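Colleague: I would like to learn how to read a few features of a protein model. Could you take them one at a time?

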Amino acid sequence: MGDFIKSLFGGSKPSPAPASNPDSDFPEYDSAPSPSPIYSSPSSSPNPTAVAFPEHNTLPIPVPYTKWYRVWERTSPSDFKNEAVIIPFIILLAAVHIWGRRKNKRKANAWAVAHIPVLEREFASVGFGKSVKEQLGRDSQSDEVPGAGDRDIAAESLMTETTAQEYTTYATGRQNVAFADVKIKLFKRYNPMTLVIEMILSFLFESMKAPKENVQITVHAFDGKEKDLVPVKSKAELDAKDSRFKGLQNSGYDACVWAVVHKEQMKGLRDERYDVSLTATKDHKSLPIWASVMSESAEVTETLLTKELIECVEKAGEEAFEYLIVTDQPIDKPLKLDEANPRKRVILSLRLPSSLQASAYEPTIPLFEYCVRLPDILVATAHFRPEVTRRIKSTREEEVKKLKKADEGEKAEERRLEAEKKKKEMRDTRLKGLSAEEQRKFLEREREKGQKKQEKRMSRKA
């Protein structure tokens, strides 16, 4: 009865059950139940892929637990193949570096040991610290020369390592000499790769200088400027210095550039040094065949090429001697007037022997001692005839004139730029005070003036 009433008022009818497909190809699967998931514990099946495909099991072999410091239980030698190659290479580089630096230091100390007697005899103060006699606890006024064992002790502090391949020392306290610098340049033994590359490049290209080991001694002369160069701390010291220098002989001498040079060094010196480029090269019958003289005047050569110097050069030998230069000019060509100021000095360059024994320096010690005493010879004999002095001065004056002209040109250019800058500022200030119409007229007049100037230039060129 209820269903009938619902049908009269439009009630919903129950949906018919779906009909089965009589034409299905697989009737036996129509009523198959849906699969349900199967769960398994992790302990029973840790890797489903490994269970399904045992041949593809790629799980790592479990590593046994050990203490953190028991590395040998967790590793094997095959894990350190790269380290086995890199670490020995680093150790080899460090060993070569240490050996090279020590070898260079021993070589510098060997030079110091051989020359300590001369330095201590000629100068009041040697080195950047205490003198040899002060280090050995002796009286500074004593004339006793340090022995071989004492020299070995003092050589360590005498030389100062500037770089791994360069050592320097310093000496002062001598009449006619303000101070002396010694610079020793050695091979880069601490870096064999760089040393080999430099040697190869110097063999292939002439512009590349071959590495060499040499010592350069530069003796700076007072040239009559003792009062200006000797420092004082008080007025009493100043008065004492004036009275001390009053009775001394004038340490000045005539300026010149003169040199005795090994013939293999001549071309390089002319290219590298401005002062030597002012000289003329001439062979001298008294010198060995491998040496030559570079001088500004024949009279200078006659005065400075003494018999003692010739003997020292011959004793030093072709293998050790490079050059001896007396100069007052800079090494580099001066570009400003301040750089052209004369600074008188004596420069000696010698090659170092391969031996580390102090006896290997015996042939060159007389020449080294002569170089230190050469300022005394210059003060006594380097006073040339007026004609020679005038000719030498004229060369320097011509260079000074060129520098003055260049300096005046630079100053004129600076003044011109400054005037243009001020003129532009005045123009801008004037334009700001004008109206738009007045500014337009002002700019038009400027443009017309510029065109007229350009036309005049064109007509002059034509």
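Modeller: A salt bridge is a side-chain nitrogen of Lys or Arg within 4 Å of a carboxyl oxygen of Asp or Glu. Keep in mind that this is a predicted model.

Colleague: How many salt bridges does the structure hold?

Modeller: The structure holds 29 salt bridges. One of them joins the side chains of lysine 107 and glutamate 213, at 2.9 Å from N to O. Lysine 107 belongs to helix α3 and glutamate 213 to the loop between α6 and β5, so this pair ties together parts that are 106 residues apart in sequence.

Colleague: Are lysine 107 and glutamate 213 buried or exposed?

Modeller: Buried means under 20% relative accessible area. Lysine 107 has 3%, so lysine 107 is buried. Glutamate 213 has 7% and therefore also counts as buried.

Colleague: Which parts of the chain does the salt bridge between arginine 396 and glutamate 296 tie together?

Modeller: The side chains of arginine 396 and glutamate 296 meet at 3.0 Å, N to O. Arginine 396 lies in helix α13 (residues 386–432) and glutamate 296 in the loop between β8 and α10, so the pair ties together parts 100 residues apart in sequence. Arginine 396 is buried at 13% relative accessible area, and glutamate 296 is buried at 17%.

Colleague: What about glutamate 299 and arginine 385?

Modeller: Their side chains form a salt bridge of 2.7 Å, N to O. This pair links helix α10, where glutamate 299 lies, with the loop between α12 and α13, where arginine 385 lies, 86 residues apart. Glutamate 299 is buried at 17%, whereas arginine 385 is partly exposed at 44%. Salt bridges can also share partners: Arg121, Glu122, Arg174, Glu369, Arg373 and Asp376 are joined in this way into one network.

Colleague: Which residues form a nonpolar patch on the surface?

Modeller: The patch is made up of Met193, Val196, Ile197, Ile200, Leu201, Phe203, Leu204, Phe205 and Met208, with about 920 Å² of accessible area together. Methionine 193 sits in helix α6 (residues 192–204). Exposed means over 50% relative accessible area, and methionine 193, at 59%, counts as exposed.

Colleague: Now the open spaces. What is the volume of the largest pocket?

Modeller: The largest pocket has a volume of about 1200 Å³. Its lining has 37 residues, and the closest to its centre are Lys209, Ala210, Lys212, Gln265 and Glu272. Elements that give two or more residues to this lining include β4, α6 and β5. The largest share, five residues, comes from α9. By class, the lining has 10 nonpolar, 10 polar and 17 charged residues.

Colleague: And which residues line the largest cavity?

Modeller: A cavity differs from a pocket in that the probe fits but cannot get out. The largest cavity holds about 40 Å³ of space. Trp111, His115, Val215, Leu350, Arg351, Leu352, Pro353, Tyr361 and Thr364 line the largest cavity. Helix α3 and strand β10 each supply at least two of the lining residues. By class, this lining has six nonpolar, two polar and one charged residues.

Methods
Residues numbered from 1 in each chain as written. Predicted model: local features only at pLDDT ≥ 70, side-chain atom pairs only at ≥ 80, totals over all residues. Heavy atoms only, no water. 1 Å grid on protein atoms, 1.4 Å probe; cavity = no way out; pocket = protein on both sides within 12 Å on 5 of 7 lines; lining within 4 Å. Points joined across faces, edges and corners; volume = space filled by probe spheres on them. Helix = DSSP H or I, 4+ residues; strand = E, 2+ residues; numbered from the N terminus. Nonpolar A, V, L, I, M, F, W, Y, C, P; charged D, E, K, R; others polar. Patch = residues over 30% accessible without salt bridge, like charges linked within 9 Å, V, L, I, M, F, W, Y side chains within 5 Å. Areas by Shrake-Rupley, 256 points an atom, 1.4 Å probe, with all protein chains shown as cover. Buried < 20%, exposed > 50% of the residue type's maximum accessible area, 1.4 Å probe, protein only.
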